[in-house]
Structure formats: structure tokens, C-alpha cells
Amino acid sequence: MRFHCARRSASAAAAAVALLCVLGRCGTGSTPSQTSPSATSAAPATTAAPTTTAAPTTAGCEDVAALKSSLEDLTKVRPAQDGVTALKTAIANVKTNLDKAQASASPVLQPDVERVKTAFAALQTAASGLTADNFKQKAPSIALAMQQVATATKALSSTLTQSCPGS
């Protein structure tokens, strides 16, 4: 009976990771629910590329794209197969890229970066103290946190595609 519950918990975690992976890949489409700042309310400029303080910089776009990439890598980790160390390494990579993205993201990208940060904090909490011995107990909370990260990643991906062409 214990083996069946452990297998179910590991399966739930793997399913959550797979869901995150799928949602991360689906984020390249546009969603009309995202609104851009009132850059359109400014008077039309005569130059070919109007500049606003809300426009993403190249560095900001690159940092947010790196964050998205590390989130996608996180989704590919299968803790039951790859081990707890692989999950911890992927979490550390996201943390590094999240810090960079938060520092350089434009006002257009900042709300989605903050959503990822909030969801990721829940994942970090769920995975804190994670070992191979307690993975079974922590798997359900990790799976739930991964679903929240997936939702935030999807929104970030959509905004990134709209705001940073070529990302």
C-alpha cells in the first residue's frame, strides 16, 4: 500500500512537470488577456522607431528570455528519474536568471516577472529541505507549486513574444 502511494505521488510530480513543459511550449501564441501600457496614448512620433520609457531593452529581453529558457529546463526535470540533485540544480538556475530578469526587465515585462517570482517562491518553499528520503512527502506540494509556475511562465512567454520580437 505504501509503495502504491509513493508511486502515485511520484507520478503526480512527474505529471505536474510534464504539464509545465506543455504549458511552457504553448506560450508562444498570443493571448488577448495581456494589456500593454499606454504607449499608444502618446503622440505619434515621426521617427521610424518611437521610444518610450516602457520599451524593453535588448538586455532586458535577453535576461527575460534566459529566465524563460531556465523555466523550460526546469520543466524537463523528472525528479523520480533524474534525482533530487537535478531538480535542485534547475531551481538554482531559475533563481539566478530570475534575479537578472527582475533587475533588467522593462515596465512592460515586470508584472509577469513578478508573477513568476511569486510562483517560484512557492516552489522554493515546497522544495526546501528536499532529499531523496522525503521526496514522497514533498511531491504533492512541489507538483502544486510547479502548476503555479507553469501558469506564470505561460503569461511571461506571451508577453515576451509580444514585447521582444525574436525572443
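User: Which residues touch the most other members of the largest nonpolar core?

Analyst: In this predicted model, V64, L67, L74, L123 and I142 touch the most other members of that core, which has 33 residues. Helices α2 (58-76), α4 (84-104), α5 (110-127) and α6 (135-163) each give it two or more residues, and α6 gives the most, with 9.

User: What makes I142 a contact partner of residues beyond its sequence neighbours?

Analyst: Contact here needs heavy atoms within 4.5 Å. Leaving out residues up to four places away in sequence, I142 touches L87, L123, A126, A127 and L130.

User: How do you know whether α5 and α6 are roughly parallel or roughly antiparallel?

Analyst: Look at the angle: α5 and α6 pack at about 165 degrees, with their axes 8 Å apart. Anything over 145 counts as roughly antiparallel, so α5 is roughly antiparallel to α6. As for handedness, α5 passes α6 in a left-handed crossing.

User: What is the contact of α5 with α6 made of?

Analyst: Its residues divide into 15 nonpolar, 4 polar and 3 charged. Among them are V116, F120 and L123 of α5, and I142, M146 and V149 of α6.

User: Why is Q102 called partly exposed?

Analyst: Q102 sits in helix α4. Its relative accessible area is 23%; buried would be under 20% and exposed over 50%, so Q102 falls in between and counts as partly exposed.

User: And which residues does Q102 touch?

Analyst: Setting aside residues up to four places away in sequence, Q102 touches Q110, V113, E114 and K117. Q102 and V116 are 14 residues apart in sequence, with their C-alpha atoms 9.9 Å apart in space.

Conventions:
Residues are numbered from 1 along each chain as its sequence is written. This is a predicted model: local features need pLDDT of at least 70, side-chain atom pairs count only at pLDDT 80 or more; totals for chains, interfaces and linings use all residues. Side-chain values use heavy atoms; hydrogens and water are left out. A nonpolar core is a set of buried Ala, Val, Leu, Ile, Met, Phe, Trp, Tyr and Cys residues joined through side-chain atoms within 4.5 Å. Buried means under 20% relative accessible area, exposed over 50%, partly exposed in between (1.4 Å probe, protein chains only). Helices (H or I, at least four residues) and strands (E, at least two) are DSSP runs, numbered from the N terminus. Axes are lines fitted to C-alpha atoms, for helices over the stretch in contact, and angles run from 0 to 180 degrees between N-to-C directions. Angles under 35 degrees count as roughly parallel, over 145 as roughly antiparallel, 65 to 115 as roughly perpendicular and the rest as oblique. A crossing is left-handed if the near helix is turned anticlockwise from the far one by less than a right angle, and right-handed if clockwise. Ala, Val, Leu, Ile, Met, Phe, Trp, Tyr, Cys and Pro count as nonpolar, Asp, Glu, Lys and Arg as charged, and the others, Gly among them, as polar.
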